[in-house]
Amino acid sequence: MKYRDLNIQTQRDAPNNARTEGFSFLVRAGYLTRENVPTQLGEATLHHLRDLSSEPAFLSQLSLPTVGNDEEIFFPITSGPINVAHCPNCNYTDRLEFARCAKIPLPKEDELPLEKVLTPDCHTIEALANFLGVPKEKTAKALMYTRVYDNQFIFVVIRGDMQLSEAKLKQHVGDIRPATAEEIEGSGAAAGYASPIRLKDAIIVVDDLIPMSQNLVAGANETGYHFKNTNYGRDYSAEIVQDLIQAKAGDACINCGNPLSILPAISLVTRKIYDIQNILLALAETHHDSKGLTLPHSAAPFEVYLMQIPGKEMDTRAKAEELYNNLQNAGISVLFDDREERAGVKFNDADLLGFPIRVTVGEKGLKEGMVELKPRKEKENQLVPLDKIIEKTKSFLK
Ligand SMILES: [Zn+2]
(Lines give C-alpha, C1' and ligand atoms only; values in the text may rest on other atoms or scores of the structure.)
Protein backbone atom coordinates (compact mmCIF):
# COMPACT_ATOMS: atom_id res chain seq x y z
CA MET A 1 0.00 0.00 0.00
CA LYS A 2 1.01 3.56 -0.53
CA TYR A 3 0.75 6.25 2.06
CA ARG A 4 -1.54 8.41 -0.03
CA ASP A 5 -3.87 5.50 -0.89
CA LEU A 6 -4.60 5.04 2.80
CA ASN A 7 -5.14 8.77 3.24
CA ILE A 8 -3.12 8.75 6.48
CA GLN A 9 -3.35 11.95 8.53
CA THR A 10 -0.84 12.22 11.33
CA GLN A 11 -0.96 14.94 13.98
CA ARG A 12 1.79 16.75 15.78
CA ASP A 13 -0.12 17.25 19.01
CA ALA A 14 -2.00 14.95 21.33
CA PRO A 15 -5.79 15.29 21.06
CA ASN A 16 -7.09 17.18 24.07
CA ASN A 17 -9.62 14.45 24.86
CA ALA A 18 -6.92 11.76 25.20
CA ARG A 19 -7.20 10.01 28.55
CA THR A 20 -4.24 7.71 27.95
CA GLU A 21 -0.97 7.83 26.00
CA GLY A 22 -1.95 4.82 23.91
CA PHE A 23 -5.15 6.46 22.67
CA SER A 24 -3.24 9.69 22.07
CA PHE A 25 -0.70 7.93 19.83
CA LEU A 26 -3.41 6.01 17.93
CA VAL A 27 -5.01 9.36 17.07
CA ARG A 28 -1.71 11.13 16.34
CA ALA A 29 -0.52 8.29 14.10
CA GLY A 30 -3.81 8.34 12.23
CA TYR A 31 -5.24 4.96 13.24
CA LEU A 32 -8.26 6.49 14.99
CA THR A 33 -10.16 9.75 14.83
CA ARG A 34 -10.37 11.64 18.09
CA GLU A 35 -13.94 10.33 18.27
CA ASN A 36 -12.40 6.84 18.53
CA VAL A 37 -13.51 5.78 15.03
CA PRO A 38 -10.99 3.70 13.03
CA THR A 39 -9.63 5.40 9.90
CA GLN A 40 -8.66 3.47 6.76
CA LEU A 41 -5.32 2.64 8.38
CA GLY A 42 -7.14 1.69 11.59
CA GLU A 43 -9.51 -0.59 9.69
CA ALA A 44 -6.57 -2.20 7.88
CA THR A 45 -4.91 -2.83 11.24
CA LEU A 46 -8.08 -4.25 12.81
CA HIS A 47 -8.51 -6.50 9.78
CA HIS A 48 -4.93 -7.70 10.13
CA LEU A 49 -5.42 -8.41 13.84
CA ARG A 50 -8.71 -10.19 13.17
CA ASP A 51 -6.95 -12.49 10.69
CA LEU A 52 -4.16 -13.09 13.17
CA SER A 53 -6.67 -13.90 15.94
CA SER A 54 -7.41 -17.30 14.40
CA GLU A 55 -3.97 -18.42 15.57
CA PRO A 56 -4.03 -20.18 18.95
CA ALA A 57 -1.11 -18.13 20.31
CA PHE A 58 -2.59 -14.82 19.11
CA LEU A 59 -2.80 -12.99 22.41
CA SER A 60 0.46 -14.31 23.83
CA GLN A 61 2.51 -13.01 20.88
CA LEU A 62 1.26 -9.45 21.51
CA SER A 63 3.12 -9.19 24.87
CA LEU A 64 0.27 -7.50 26.72
CA PRO A 65 0.17 -7.36 30.54
CA THR A 66 -3.27 -8.89 30.95
CA VAL A 67 -5.20 -10.33 33.89
CA GLY A 68 -8.05 -12.79 33.59
CA ASN A 69 -9.80 -16.06 34.20
CA ASP A 70 -11.18 -18.90 32.02
CA GLU A 71 -14.09 -16.73 30.89
CA GLU A 72 -12.59 -13.33 30.28
CA ILE A 73 -9.25 -11.57 29.80
CA PHE A 74 -8.81 -7.93 30.80
CA PHE A 75 -6.25 -5.20 30.17
CA PRO A 76 -5.87 -2.79 33.10
CA ILE A 77 -6.07 0.84 31.91
CA THR A 78 -7.02 4.00 33.78
CA SER A 79 -9.75 4.89 31.27
CA GLY A 80 -11.31 1.41 31.48
CA PRO A 81 -15.04 1.24 32.10
CA ILE A 82 -14.91 -2.13 33.88
CA ASN A 83 -13.71 -2.65 37.44
CA VAL A 84 -11.82 -5.87 38.02
CA ALA A 85 -10.82 -7.44 41.33
CA HIS A 86 -7.36 -8.94 41.04
CA CYS A 87 -5.05 -10.77 43.40
CA PRO A 88 -1.41 -9.91 42.60
CA ASN A 89 -0.29 -12.99 44.51
CA CYS A 90 -2.26 -15.87 42.95
CA ASN A 91 -3.72 -13.97 39.95
CA TYR A 92 -7.34 -14.62 40.92
CA THR A 93 -9.32 -12.20 38.74
CA ASP A 94 -13.00 -11.45 38.26
CA ARG A 95 -15.28 -8.58 37.43
CA LEU A 96 -15.72 -6.64 40.67
CA GLU A 97 -19.46 -7.28 40.89
CA PHE A 98 -18.88 -11.05 40.78
CA ALA A 99 -15.57 -11.22 42.64
CA ARG A 100 -15.47 -13.31 45.77
CA CYS A 101 -13.47 -12.53 48.86
CA ALA A 102 -12.71 -14.51 51.99
CA LYS A 103 -15.14 -13.42 54.71
CA ILE A 104 -14.09 -13.84 58.28
CA PRO A 105 -16.98 -14.20 60.77
CA LEU A 106 -16.82 -12.34 64.07
CA PRO A 107 -16.16 -14.51 67.15
CA LYS A 108 -19.23 -16.63 67.93
CA GLU A 109 -21.43 -15.33 70.76
CA ASP A 110 -24.29 -16.83 72.79
CA GLU A 111 -27.66 -15.60 71.52
CA LEU A 112 -29.06 -12.85 73.76
CA PRO A 113 -32.77 -12.03 74.14
CA LEU A 114 -34.37 -9.78 71.51
CA GLU A 115 -34.66 -6.23 72.85
CA LYS A 116 -36.60 -3.34 71.28
CA VAL A 117 -34.84 0.03 71.67
CA LEU A 118 -35.79 3.59 70.77
CA THR A 119 -33.44 4.90 68.05
CA PRO A 120 -34.72 8.28 66.85
CA ASP A 121 -33.35 9.64 63.55
CA CYS A 122 -31.25 6.55 62.90
CA HIS A 123 -32.03 6.11 59.22
CA THR A 124 -28.56 4.98 58.25
CA ILE A 125 -26.20 2.29 59.48
CA GLU A 126 -23.67 5.02 60.46
CA ALA A 127 -26.21 6.94 62.52
CA LEU A 128 -27.46 3.75 64.15
CA ALA A 129 -23.99 2.44 65.00
CA ASN A 130 -23.04 5.82 66.48
CA PHE A 131 -26.23 6.18 68.46
CA LEU A 132 -26.03 2.71 70.01
CA GLY A 133 -22.24 2.69 70.29
CA VAL A 134 -21.87 -0.59 68.39
CA PRO A 135 -19.52 -1.28 65.47
CA LYS A 136 -21.16 -1.39 62.03
CA GLU A 137 -20.33 -5.09 61.69
CA LYS A 138 -22.73 -5.78 64.59
CA THR A 139 -25.66 -4.36 62.58
CA ALA A 140 -27.80 -5.86 59.82
CA LYS A 141 -28.31 -3.80 56.68
CA ALA A 142 -31.69 -4.21 54.96
CA LEU A 143 -32.26 -3.67 51.22
CA MET A 144 -35.65 -4.03 49.60
CA TYR A 145 -36.40 -4.86 45.97
CA THR A 146 -39.24 -6.05 43.81
CA ARG A 147 -38.68 -8.81 41.27
CA VAL A 148 -39.54 -7.52 37.82
CA TYR A 149 -41.30 -10.54 36.31
CA ASP A 150 -43.79 -11.28 39.10
CA ASN A 151 -43.62 -8.22 41.43
CA GLN A 152 -42.43 -10.46 44.26
CA PHE A 153 -41.08 -8.45 47.19
CA ILE A 154 -37.46 -9.37 47.99
CA PHE A 155 -35.91 -8.51 51.34
CA VAL A 156 -32.11 -8.67 51.51
CA VAL A 157 -29.96 -8.74 54.64
CA ILE A 158 -26.19 -8.23 54.69
CA ARG A 159 -23.85 -7.21 57.47
CA GLY A 160 -23.91 -3.45 58.10
CA ASP A 161 -20.24 -2.94 57.25
CA MET A 162 -20.58 -4.51 53.80
CA GLN A 163 -21.92 -3.54 50.36
CA LEU A 164 -24.43 -5.55 48.36
CA SER A 165 -23.56 -6.67 44.83
CA GLU A 166 -26.84 -6.35 42.95
CA ALA A 167 -25.30 -8.45 40.19
CA LYS A 168 -24.85 -11.36 42.60
CA LEU A 169 -28.40 -10.88 43.98
CA LYS A 170 -29.81 -11.00 40.43
CA GLN A 171 -28.04 -14.29 39.81
CA HIS A 172 -30.17 -15.81 42.57
CA VAL A 173 -33.52 -14.04 42.22
CA GLY A 174 -33.69 -12.70 38.66
CA ASP A 175 -34.10 -9.11 37.52
CA ILE A 176 -35.08 -6.62 40.22
CA ARG A 177 -35.95 -2.98 40.80
CA PRO A 178 -36.03 -0.96 44.03
CA ALA A 179 -39.24 -1.59 45.98
CA THR A 180 -41.71 1.31 46.15
CA ALA A 181 -42.88 2.84 49.44
CA GLU A 182 -46.24 1.06 49.00
CA GLU A 183 -44.57 -2.28 48.41
CA ILE A 184 -42.37 -1.84 51.50
CA GLU A 185 -45.35 -0.91 53.63
CA GLY A 186 -47.41 -3.77 52.18
CA SER A 187 -44.84 -6.29 53.39
CA GLY A 188 -45.01 -4.96 56.92
CA ALA A 189 -41.55 -3.37 56.79
CA ALA A 190 -40.80 0.22 57.81
CA ALA A 191 -38.40 2.13 55.53
CA GLY A 192 -35.26 3.11 57.45
CA TYR A 193 -36.20 0.73 60.27
CA ALA A 194 -36.72 -2.47 58.31
CA SER A 195 -35.85 -5.98 59.33
CA PRO A 196 -36.72 -9.45 58.02
CA ILE A 197 -38.64 -10.28 61.20
CA ARG A 198 -42.37 -11.04 60.78
CA LEU A 199 -42.75 -9.89 57.17
CA LYS A 200 -45.66 -10.85 54.90
CA ASP A 201 -45.17 -12.36 51.44
CA ALA A 202 -41.47 -11.57 51.26
CA ILE A 203 -38.68 -13.70 49.87
CA ILE A 204 -35.84 -13.24 52.32
CA VAL A 205 -32.34 -13.43 50.94
CA VAL A 206 -29.34 -13.20 53.27
CA ASP A 207 -25.62 -13.09 52.76
CA ASP A 208 -23.93 -16.29 53.88
CA LEU A 209 -22.16 -14.41 56.69
CA ILE A 210 -25.50 -13.57 58.38
CA PRO A 211 -26.18 -17.08 59.80
CA MET A 212 -22.70 -16.88 61.38
CA SER A 213 -23.33 -13.45 62.95
CA GLN A 214 -25.02 -13.36 66.34
CA ASN A 215 -26.82 -10.54 68.14
CA LEU A 216 -27.04 -8.05 65.28
CA VAL A 217 -28.94 -4.78 65.58
CA ALA A 218 -31.75 -4.68 62.99
CA GLY A 219 -34.87 -2.61 62.37
CA ALA A 220 -38.00 -3.30 64.42
CA ASN A 221 -40.30 -2.57 61.42
CA GLU A 222 -41.61 0.38 63.41
CA THR A 223 -40.45 3.93 62.76
CA GLY A 224 -37.99 5.07 65.43
CA TYR A 225 -37.21 1.60 66.79
CA HIS A 226 -34.61 -1.11 66.31
CA PHE A 227 -34.13 -4.56 67.77
CA LYS A 228 -30.94 -5.46 69.55
CA ASN A 229 -29.77 -9.09 69.41
CA THR A 230 -31.51 -10.35 66.31
CA ASN A 231 -30.41 -13.85 65.40
CA TYR A 232 -30.79 -15.74 62.17
CA GLY A 233 -32.64 -19.04 62.69
CA ARG A 234 -34.26 -17.97 65.93
CA ASP A 235 -35.93 -14.70 64.86
CA TYR A 236 -36.19 -15.20 61.10
CA SER A 237 -34.94 -17.45 58.36
CA ALA A 238 -34.30 -17.03 54.65
CA GLU A 239 -35.29 -18.71 51.41
CA ILE A 240 -31.86 -18.01 49.97
CA VAL A 241 -28.48 -17.92 51.75
CA GLN A 242 -25.67 -17.00 49.35
CA ASP A 243 -22.64 -14.79 48.92
CA LEU A 244 -24.07 -11.35 48.07
CA ILE A 245 -21.17 -9.06 48.94
CA GLN A 246 -19.31 -6.71 46.62
CA ALA A 247 -15.58 -6.99 47.28
CA LYS A 248 -13.48 -3.89 47.87
CA ALA A 249 -9.78 -3.09 47.62
CA GLY A 250 -7.86 -4.78 50.42
CA ASP A 251 -10.41 -7.56 51.01
CA ALA A 252 -8.81 -11.00 51.35
CA CYS A 253 -8.49 -13.07 48.14
CA ILE A 254 -10.83 -16.08 48.16
CA ASN A 255 -7.96 -18.36 47.09
CA CYS A 256 -4.90 -17.19 48.98
CA GLY A 257 -6.00 -14.50 51.44
CA ASN A 258 -3.76 -11.77 50.02
CA PRO A 259 -5.32 -8.29 49.68
CA LEU A 260 -7.28 -7.79 46.44
CA SER A 261 -6.62 -4.82 44.15
CA ILE A 262 -9.41 -3.16 42.20
CA LEU A 263 -8.29 -2.18 38.69
CA PRO A 264 -10.11 -0.23 35.98
CA ALA A 265 -9.84 -2.27 32.78
CA ILE A 266 -11.11 -3.05 29.31
CA SER A 267 -12.14 -6.53 28.22
CA LEU A 268 -10.02 -8.13 25.47
CA VAL A 269 -11.56 -11.59 25.33
CA THR A 270 -14.95 -12.86 26.50
CA ARG A 271 -15.55 -16.62 26.12
CA LYS A 272 -12.96 -16.79 23.33
CA ILE A 273 -14.48 -13.83 21.41
CA TYR A 274 -11.89 -11.10 20.86
CA ASP A 275 -12.63 -7.39 21.11
CA ILE A 276 -10.17 -6.37 18.41
CA GLN A 277 -10.48 -2.60 18.87
CA ASN A 278 -9.77 -2.97 22.59
CA ILE A 279 -6.77 -5.13 21.68
CA LEU A 280 -5.49 -2.33 19.42
CA LEU A 281 -5.79 0.14 22.32
CA ALA A 282 -3.99 -2.30 24.64
CA LEU A 283 -1.21 -2.67 22.05
CA ALA A 284 -0.77 1.10 21.77
CA GLU A 285 -0.85 1.48 25.54
CA THR A 286 1.80 -1.19 26.05
CA HIS A 287 4.01 -0.63 23.02
CA HIS A 288 5.07 2.99 22.58
CA ASP A 289 7.93 5.34 23.40
CA SER A 290 8.12 9.13 23.46
CA LYS A 291 8.03 9.34 19.64
CA GLY A 292 5.17 7.03 18.83
CA LEU A 293 4.04 3.44 18.60
CA THR A 294 6.47 0.51 18.69
CA LEU A 295 4.12 -2.27 17.60
CA PRO A 296 5.24 -5.89 17.93
CA HIS A 297 6.05 -7.38 14.57
CA SER A 298 3.00 -9.63 14.39
CA ALA A 299 0.57 -6.84 15.30
CA ALA A 300 1.78 -4.15 12.90
CA PRO A 301 -0.37 -3.68 9.77
CA PHE A 302 2.84 -3.34 7.72
CA GLU A 303 6.30 -4.74 8.36
CA VAL A 304 8.23 -2.01 6.56
CA TYR A 305 7.82 1.74 6.24
CA LEU A 306 9.56 2.56 2.98
CA MET A 307 10.43 6.17 2.19
CA GLN A 308 12.57 8.03 -0.26
CA ILE A 309 14.41 11.33 0.08
CA PRO A 310 14.26 13.36 -3.15
CA GLY A 311 17.70 13.56 -4.78
CA LYS A 312 19.47 16.29 -6.70
CA GLU A 313 21.12 14.09 -9.32
CA MET A 314 19.43 10.71 -9.02
CA ASP A 315 15.82 9.57 -9.31
CA THR A 316 15.47 8.13 -5.81
CA ARG A 317 11.75 7.72 -6.30
CA ALA A 318 12.14 5.27 -9.18
CA LYS A 319 14.62 3.29 -7.12
CA ALA A 320 12.25 3.27 -4.17
CA GLU A 321 9.37 2.09 -6.41
CA GLU A 322 11.59 -0.75 -7.60
CA LEU A 323 12.46 -1.69 -4.01
CA TYR A 324 8.78 -1.45 -3.04
CA ASN A 325 7.94 -4.09 -5.66
CA ASN A 326 10.89 -6.29 -4.76
CA LEU A 327 10.06 -6.26 -1.03
CA GLN A 328 6.42 -7.10 -1.73
CA ASN A 329 7.40 -9.88 -4.14
CA ALA A 330 9.52 -11.31 -1.33
CA GLY A 331 6.38 -11.55 0.85
CA ILE A 332 7.13 -8.51 3.04
CA SER A 333 4.24 -6.11 3.68
CA VAL A 334 5.25 -2.54 2.91
CA LEU A 335 3.75 0.90 3.31
CA PHE A 336 5.46 3.15 0.77
CA ASP A 337 5.48 6.80 1.81
CA ASP A 338 5.25 8.28 -1.68
CA ARG A 339 4.62 11.87 -0.57
CA GLU A 340 6.73 14.83 -1.60
CA GLU A 341 7.54 15.75 1.98
CA ARG A 342 10.74 16.68 3.77
CA ALA A 343 12.75 13.79 5.22
CA GLY A 344 12.13 15.05 8.78
CA VAL A 345 8.36 14.88 8.35
CA LYS A 346 8.59 11.33 7.06
CA PHE A 347 10.96 10.22 9.84
CA ASN A 348 8.52 11.58 12.44
CA ASP A 349 5.58 9.87 10.80
CA ALA A 350 7.48 6.59 10.58
CA ASP A 351 8.14 6.80 14.33
CA LEU A 352 4.49 7.65 15.07
CA LEU A 353 3.12 4.77 12.99
CA GLY A 354 5.42 2.30 14.71
CA PHE A 355 6.00 -0.41 12.09
CA PRO A 356 8.97 -2.68 12.93
CA ILE A 357 11.37 -1.44 10.22
CA ARG A 358 11.97 1.78 8.32
CA VAL A 359 13.83 1.62 4.99
CA THR A 360 15.06 4.90 3.52
CA VAL A 361 16.20 5.37 -0.09
CA GLY A 362 18.44 8.44 -0.38
CA GLU A 363 20.86 9.80 -2.93
CA LYS A 364 23.94 9.61 -0.77
CA GLY A 365 23.49 5.91 -0.02
CA LEU A 366 22.38 5.00 -3.51
CA LYS A 367 25.63 6.35 -4.93
CA GLU A 368 27.34 3.56 -3.00
CA GLY A 369 24.59 1.03 -3.75
CA MET A 370 23.22 1.25 -0.23
CA VAL A 371 19.88 1.95 1.46
CA GLU A 372 19.31 2.75 5.11
CA LEU A 373 17.56 0.30 7.43
CA LYS A 374 16.32 1.27 10.88
CA PRO A 375 14.49 -1.05 13.25
CA ARG A 376 11.87 1.04 15.09
CA LYS A 377 13.06 0.03 18.55
CA GLU A 378 16.78 0.62 17.90
CA LYS A 379 18.54 3.97 18.12
CA GLU A 380 20.95 3.59 15.20
CA ASN A 381 20.28 2.94 11.57
CA GLN A 382 22.56 0.93 9.31
CA LEU A 383 23.50 1.03 5.65
CA VAL A 384 22.68 -2.15 3.79
CA PRO A 385 23.66 -3.02 0.21
CA LEU A 386 20.61 -2.87 -2.06
CA ASP A 387 20.97 -6.51 -3.06
CA LYS A 388 21.03 -7.58 0.59
CA ILE A 389 18.09 -5.50 1.86
CA ILE A 390 15.43 -8.20 1.49
CA GLU A 391 17.53 -10.79 3.30
CA LYS A 392 18.41 -8.27 6.04
CA THR A 393 14.81 -7.15 6.48
CA LYS A 394 13.65 -10.73 6.79
CA SER A 395 16.30 -11.46 9.40
CA PHE A 396 15.02 -8.56 11.52
CA LEU A 397 11.44 -9.70 11.19
CA LYS A 398 12.14 -13.20 12.50
ZN1 LIG B 1 -4.98 -14.74 45.73
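**Figure 1. Asp349 and Arg339 in a salt bridge.** Asp349 is buried, with a relative accessible area of 5%. The model shown here and in the other views is predicted. The side chain of Asp349 meets that of Arg339 in a salt bridge, 2.9 Å from N to O. Asp349 belongs to helix H8, whereas Arg339 sits in the loop between strand E16 (334-337) and H8, so the pair ties together parts that are 10 residues apart in sequence. Arg339 also counts as buried, at 12% relative accessibility.

**Figure 2. Salt bridge between Lys319 and Glu322 in helix H7.** The distance from N to O in this salt bridge is 3.6 Å. Lys319 and Glu322 are 3 residues apart in H7, which means that about one helical turn separates them. Lys319 is partly exposed, with a relative accessibility of 29%, and Glu322 is partly exposed as well, at 42%.

Figure 3. In the salt bridge between Asp150 and Arg147, the closest N and O atoms are 3.0 Å apart. Arg147 is buried, its relative accessible area being 11%, while Asp150 counts as partly exposed at 35%. Side chains of opposite charge can pair when their charged atoms come close.

**Figure 4. The largest nonpolar core.** This core has 42 residues, and Tyr31, Leu335 and Leu353 are those with the most contacts inside it. At least two of its residues come from each of helix H1 (21-28), helix H2 (40-52), strand E13 (261-270), helix H6 (276-286), strand E15 and helix H8 (343-353). H6 gives the most to this core, namely 7 residues. Apart from this core lies another, of 21 residues, which includes Met144, Ile210, Leu216 and Phe227.

**Figure 5. Surroundings of Tyr31.** Tyr31 is one of the residues with the most contacts inside the largest nonpolar core. Leaving aside residues up to four places away in sequence, Tyr31 touches Leu26, Val37, Pro38, Thr39, Leu41, Gly42 and Thr45, among others. Its contacts also include Leu293, Leu295, Pro301, Leu353 and Phe355. Leu353, like Tyr31, is among the residues with the most contacts inside the core.

**Figure 6. Helix H1 and the residue that follows.** In H1, 7 of the 8 residues are buried, so the helix is largely enclosed by the rest of the structure. The buried residues are Gly22, Phe23, Ser24, Phe25, Leu26, Val27 and Arg28. H6 and H8 are among the elements that cover them. Just after H1, Gly30 takes a positive phi of about 80 degrees.

**Figure 7. The buried side of helix H10.** Ile389, Thr393 and Leu397 are buried in H10, which spans residues 389-397. These residues cover an arc of only 70 degrees around the axis, which puts them on the same side of H10.

Figure 8. Lys388 lies in the loop between E19 and H10. With a relative accessible area of 40%, Lys388 is partly exposed. Lys388 and Val371 are 17 residues apart in sequence, and their C-alpha atoms are 9.6 Å apart in space.

**Figure 9. The largest cavity and its lining.** The structure holds 1 cavity of 30 Å³ or more. The volume of the largest cavity is about 50 Å³. Its lining consists of Tyr305, Ala350, Asp351, Phe355, Ile357, Arg358, Lys374 and Arg376. H8 and E17 each supply at least two of the lining residues. Phe355, one of the residues in the lining, is also touched by Tyr31.

Methods
Residues are numbered from 1 along each chain as its sequence is written. Side-chain values use heavy atoms; hydrogens and water are left out. Buried means under 20% relative accessible area, exposed over 50%, partly exposed in between (1.4 Å probe, protein chains only). Helices (H or I, at least four residues) and strands (E, at least two) are DSSP runs, numbered from the N terminus. The arc is that of the directions from the helix axis to the C-beta atoms. A nonpolar core is a set of buried Ala, Val, Leu, Ile, Met, Phe, Trp, Tyr and Cys residues joined through side-chain atoms within 4.5 Å. Contact means heavy atoms within 4.5 Å. A salt bridge is a side-chain nitrogen of Lys or Arg within 4 Å of a carboxyl oxygen of Asp or Glu. On a 1 Å grid over the protein atoms alone, a cavity is a set of points where a 1.4 Å probe fits but cannot get out, and a pocket is an open set with protein on both sides within 12 Å along at least five of seven lines; lining residues have an atom within 4 Å of a point. Grid points are joined across faces, edges and corners, and a volume is the space filled by probe spheres set on the points.
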